Each structure stands twice: as structure tokens, then as C-alpha cells.
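Trainee: I have a new model to read. Please walk me through it.

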Amino acid sequence: MAAAEAAEAALGLRQEQQEEEEENHDRGHERGGEPAAFNGMVVSEKVKSNNLDVKIPESELEAEEKGVEEERPRESDSNILDISSDYPRDKHISIQRHLADLEKLADLREDEKKPCPLCPEEKFKACYSHKLHRHLQNLHWKVSVEFEGYRMCICHLPCRPVKPDLVGDQTLAKMGAHYHCIICSATIVRRTDMIGHINRHVNKGETESRFITVRAPKSSYEVVKESATDVQVLPNHSTPQKTDSYFNPKMKLNRQLIFCALAVLAGERKPIECLDAFGATGIMGLQWAKHLRSSVKVTINDCNENSVTMIKENCHLNKMKVKLNIKEEENDETVGDGEENSDTIEVTKMDANVIMHLRSFDFIHLDPFGTSVNYLDSAFRNVRNLGIVSLTSTDISSLYAKAQHVALRHYGCNIVRTEYYKELAARTVIAAVTRAAARCNKGIEVLLAVALEHFVLVVVRVLRGPTPADDSAKKVRYLIHCQWCEERVFQKEGNMVEENPYQQLPCDCHGSMPGKTAVLLGPLWSGALFNTGFLRRMLLEAVQYGLDEAQPLLKTLVCEAECTTLKHFSTHSPGDENKQEECGVYIKTPNTSAESYLVHGKRKSEEVLRGTAKRQRAEHSAEHPPFYYNIHRHSIKGMNMPKLNKFLNYLSEAGYRVSRTHFDPMGVRTNAPLVQFKTVLMKYSTPTYVGAQAEGPVHLPGEIQVGEEVTAALEVKVEEAELAEDDKSGVAAAVF
């Protein structure tokens, strides 16, 4: 019985197969007048339909199946290649040049019904040519996305993946319309998203291959020249999030300042190993190698493959040789490992944290897109003693207190928008640098801190050892800031909690104003922001290499570091020329020339270390005052302020140190308290209603001291207001 049931089941299965084959055979006749779409399929169906009567060897069947598999792509490719022969064969059928090409794909005939090639039969049934033409034109062609002469038509075929829990009509509804990207294998649903998707490919230079990211042809590159260095960039080089080779012409001043700092370090010891951790186009590393030659060994790193390729091309463009990396392929046109050349640049493709963990450098520059805090620990782990770490932070929205929660997240610092917000940003970055260096038992000496419109640049020298680390960590303090008068003061050292922290502020706003008047900002760097000797040597390097844009800024920085006006500026230091200006640079020897003061490499003896510490303590005693005041912020209403340079002279004559600041063009850096600052400003301001009165002091009766003038004027105004109120009350009483 079981054998009979099995035979009946097998016979029923064969009959079902024959019925399905006959139905497919009839469908083929209805569509194209042929039994199947391909000749190979016809042969195989005949074989299958007659396999009950005719016995064919298995070898012939295998050969026939191979022939079918070989003939399928040939005939299907011929249908597409006739339409778009200059594009790769793997492009989807919805991508065509002309509407006629799409109609050819449908094989329109007036006397026959044809299905739409881009719609399933359940959605659009077969119809005659005139109706199918309107369907292709209105539903597919008009809503297409154009790119380089090709149209990506909307497709309704089941190309997109569907969730496994959907069945039947739900599956068809979820598939919906979509577009096929001509460049990659993505399928996009909305037309606007498809346009944005194509634009992102164009911005990245991916315009050729469908599945492999291919860089733009060389004809689309632009060659930019800066400081005698040529670099190739993409047309969208100024959009950092949409290109691999970001190049910002506005950062030229930043690059010049970093070059001057490296040139000063190269004069101390030769050769030095320097790293540009985020190369992009390689412009900065190329400038280092091209101008400093054998004094530096340049390594340019980037984690993006396209950027690394472009860096190598830019090296060859500037006639620089590329040192072969051990992990790279041997077929690159590069210099071998054993060759050493002054015009050789090493190009690596690693994560910035990895390369700084693996190797030691004398000079490291960090310039990521945004904050640099993620790379500080790696930078200070292997940097050599007396080396330099420079970092450029472009997350100015958080540093300039526009996004305070981001500053708290990245830097662990609470800041608010103040009149001195740029210096606040610089001290915030230095505090993060100090903490990262202290974790590696290293201290820092701030050589330069610049905060401009687009970036915050910090350059520090690394001092190895727990003692410098402790000294640097002690300079990270909190700042008490008065929100009424903008007075500020760093919190005193110590762990004891004060009963009234408002007493540390010089102002009396807390007593005269209701509620809380001050906020606690920080932790911030409370030490000096500049090193005068280092800045002067940077200025000499800028003059030597003809860096015109950096020279005015460096002069302002030198004056700001010494807290003097520009008219007292000189290229020589005000003190002894043989004095060591910063650690590890010059040694004071009375009977030798300046060239013999240079110490190459590390410290020669412990005596040099002790002498350096003493000189540092002497220099710190004459540090420039922290922060600055904006003259417009503290101007008196109804009074004309004096000119800024004249006001600086007035403050200097009053016995205060004073200078301008690069942080704010109308800022004044001075050690005068805010009360005295306002007093001098009011003394030399003129009333607005006085027409032709010459600029000068407001003469008050009697010999009044400068500190008492504002009080006397306020008392006079209060008495006049009281008298006016008494008169008004008397008049009102007389009326009633």
C-alpha cells in the first residue's frame, strides 16, 4: 500500500510540473509570440517536457545548462548595451539616457500588449503601445533624477528588501516606488533624498564606479598655491563634512603661525621629527619640508585613503619624494626604506591616536574637524621632552559659549558669554591640555595662545617630570565672574570653603544688587598665555621666510605678552640680550656669543634644569595681567570716549601696565581694577552735547584725586535728583 501511494504521489507531482510548464509556455506565446524569452530556455523546456519518453545523457544536459547560462547574460546585456553602451553593464534598467531608450526596453508594438519593464504585473497590467508610452512618460520619466546626461527613473519592481513578517498585499504596499543610484548600489525612496544622495557623491568626487568609491578625474582638480607650495584640491575643498581633502584658505594665518613655531624649534636642535596628524591635502607638512629642508623629518598622516592618495600626488607635484611605509604595497613609486633624502616625506594611513601611541615625535600638530580633546592623551604620551604640541580647535560654537552644554561635555568646563569670551576659550583649551599632560606626568609651558574668528590655536612646550606636572596642574583654577559689572578674579588657592566668596571680587555689586550677582566659571588656565622670547624668535622667522600675514599679529602678541604699547615695540628684548627667554633655548653666559647659547637636544646637566626653573620663576613674576576690558562695554552714556591709543597713554600715565590685545580690537589688557579703568575713561571723556570741545579731561572743581572723581560726580547727580523731586512734590501740593 505504501509503495502504491508513493507511486501515485510521484505521478501527481509530474503532472503538476507538466501543467506549470504548459502555462509558462502559453504565457511566453502571449507576450512575445515565442515560447520563452531566451532560446536556451526553449531547449531546456523541451528536454524537460519529453524526459519521460526520451533518455538524454547527463553530460549533454550539463553542457546544455552551461550553454543556457552563457547565453543569458549575452542576450540580456545586448538589450542594455544597445541603449547605454558607454556605461558599465551592472547599471539598473531604470537608468537610461532618453525616453526612447526606455521604450526600446519595453519593445513597443502597436498590435501587441506589452507590460511595463519597471512595474510588476500586479501593479500595471500589460497594455498597448500608446497607453504604455503615456505610462512610461508620466509615471517614470517625468519624476526621474538627472545626472551627467542619464536619467534615474522611478522603479516599482521588488528591488528593495521587505520585512519577513509581511505577506501578500502588505508586501506589495511596502515595496513602493524607489530610485537606483547610478554611482552606488543604494535604493532611495524619495526624490529629494535621491538628489541629496547624488550631491554627496559629487562632493566626495565619486562619479565613476557603481560599487567602488572612485576619486574624481584629475581634470576636475584645482591647484592652489600657498607659500610657494602647490596642492591639488577638489572643487568643494571648503566644505569639511562633504570632502576628503578639506582646504580652508582662511586658515593661512594659522598655518603660518605653526610654521614659525616649528622653525624656532628646528633652530634649537636638528633634525626634529614632526607630525601633521590630520594631513587632508598635506599643505602644512609640505610647507615644513619645502622650507626647513634637512632640519625636519616630516610625517603626514591621515586615516582616509583618498586623502592619503592626494597627499602623495601633492608630494610629487612639489617634487618631494614619498618614503615607503612598511605596511604599504611595494609597487608604489616611492623611496625605499633605506634611502634618506632631505626632500623626503613619510605618508602614513593610520588613526591619529594609533600613530602617536606607536611613535615618538618632537613636534605634533593636531587639527581635527572640531575639538582636539580626543587626541590629547595620545599626543602627550610619547612626545619627547622639550618638544612642542600645537593644536587647532575649530569648535568655536562651544568654546565661544554659544553651546555651553557642549563645552561642558568636551572640556568639563562651565563658561558663559562674557566680554572676554575669546580669552576664556583659549584658557579653556589650555586647561584641558594641562590635565591631559598631567595624566602622563608631564607639565606644560604655554608659548602661544591665539583665538580668532575661525579657530583657537594653542602651542605648548612639554616639560617631562612629576614636578612640572604638579606646577602646571596648580594653575588650573576657577574664575569668579560678576554678571553686573563684568569684574572677574581667579579663586584663591586652597581647599577650604569660604563663607562669602563674593569678598574676593573687587566690586561691591553683591551688596548693592539683589540676589546672586556672580557665577563660577572653569576650571580654567590661570597662568600666562604667551612667552615673550619665543614670540620674538617666531617674529624673526616670519621676517626671514616672508610671512607677511603673520608679522602684524606676532608684533601685537609680543606687545601683549610684555603688556606694552606698540610704540614701545622693538625687535630686541627689553632686558639683557643674553637672558634665556624660555626653557631649553638659551643659556646665560657672559663672555660668549649668542650662537653658543644654543643647546641642542635635551638638557646637558642638572644645573641647566635648576637655572631654567629659577628663570621661569623670575619670568612668571612679570606675567601679563589676565583678561582684558572692552572700552565700548564700559563707556559712559552721553559721553564721547577718547581714542583708543590716547586712552592707553592715559592709563599708562596713571601708573598701570597697559596694552592692546589680539582677542578684541577694542580690548585693553591692563592690571588696573575695573573701578580705576572706568574712572580714567570718564575723566578723559567729553559730553556729547559739547560741539567743538577739544578732547581732554573733564575739569572738576577743587583738587580731587583720580579715584574720587566718579564718587563726587555721582553725589552731585544724586543731590540734583533729590532737589528736583522736592520741587515737583511742592508744586503738586500747591495745586491740590
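Trainee: Where should I be careful, and how many contacts does the model have for residues 328-340?

Mentor: Start with pLDDT, the predictor's confidence in each residue, from 0 to 100. Over residues 328-340 the pLDDT stays under 50. For that stretch the model has 16 contacts beyond four places in sequence; contact means heavy atoms within 4.5 Å. Residues 691-695 also have a pLDDT below 50, with nine contacts beyond near neighbours in sequence.

Trainee: What does the protein chain average?

Mentor: This is a predicted model, where local features need pLDDT of at least 70 and side-chain atom pairs count only at pLDDT 80 or more, while totals for chains, interfaces and linings use all residues. Residues are numbered from 1 along each chain as its sequence is written, and side-chain values use heavy atoms, with hydrogens and water left out. The average pLDDT of the protein chain is 75, and 65% of the residues score at least 70. Confidence is lowest in helix α2 (residues 39-49), at a mean of 37. Strand β12 (residues 363-366) has the highest, at 98.

Trainee: How many helices and strands are there?

Mentor: Helices (H or I, at least four residues) and strands (E, at least two) are DSSP runs, numbered from the N terminus. The protein chain has 23 helices and 23 strands.

Trainee: What share of the residues is buried?

Mentor: Buried means under 20% relative accessible area, exposed over 50%, and partly exposed in between (1.4 Å probe, protein chains only). Of the 736 residues of the protein chain, 45% count as buried.

Trainee: Which residues have the most contacts inside the largest nonpolar core?

Mentor: A nonpolar core is a set of buried Ala, Val, Leu, Ile, Met, Phe, Trp, Tyr and Cys residues joined through side-chain atoms within 4.5 Å. The largest one here has 110 residues, and Phe380 and Met538 have the most contacts inside it. Helix α8 (residues 252-268) gives the largest share of this core, eleven residues. Another core, of 22 residues, lies apart from it; Tyr502 and Phe647 are among them.

Trainee: What covers the buried residues of α10?

Mentor: The buried residues include Val308, Met310 and Ile311. Their cover includes β7 (229-233), α9 (283-292) and β9 (296-301).

Trainee: Is glutamine 287 buried or exposed?

Mentor: Glutamine 287 is found in helix α9. It counts as buried because its relative accessibility is 4%. Beyond four places in sequence, glutamine 287 contacts Glu226, Ser227, Thr229, Arg255 and Phe259.

Trainee: And how far apart in space are cysteine 274 and phenylalanine 361?

Mentor: Cysteine 274 and phenylalanine 361 are 87 residues apart in sequence, but 5.8 Å apart in space, C-alpha to C-alpha. Cysteine 274 sits in strand β8 (residues 272-276). With 0% relative accessibility, cysteine 274 counts as buried. Leaving out residues up to four places away in sequence, cysteine 274 touches Leu262, Trp288 and Phe363, among others.
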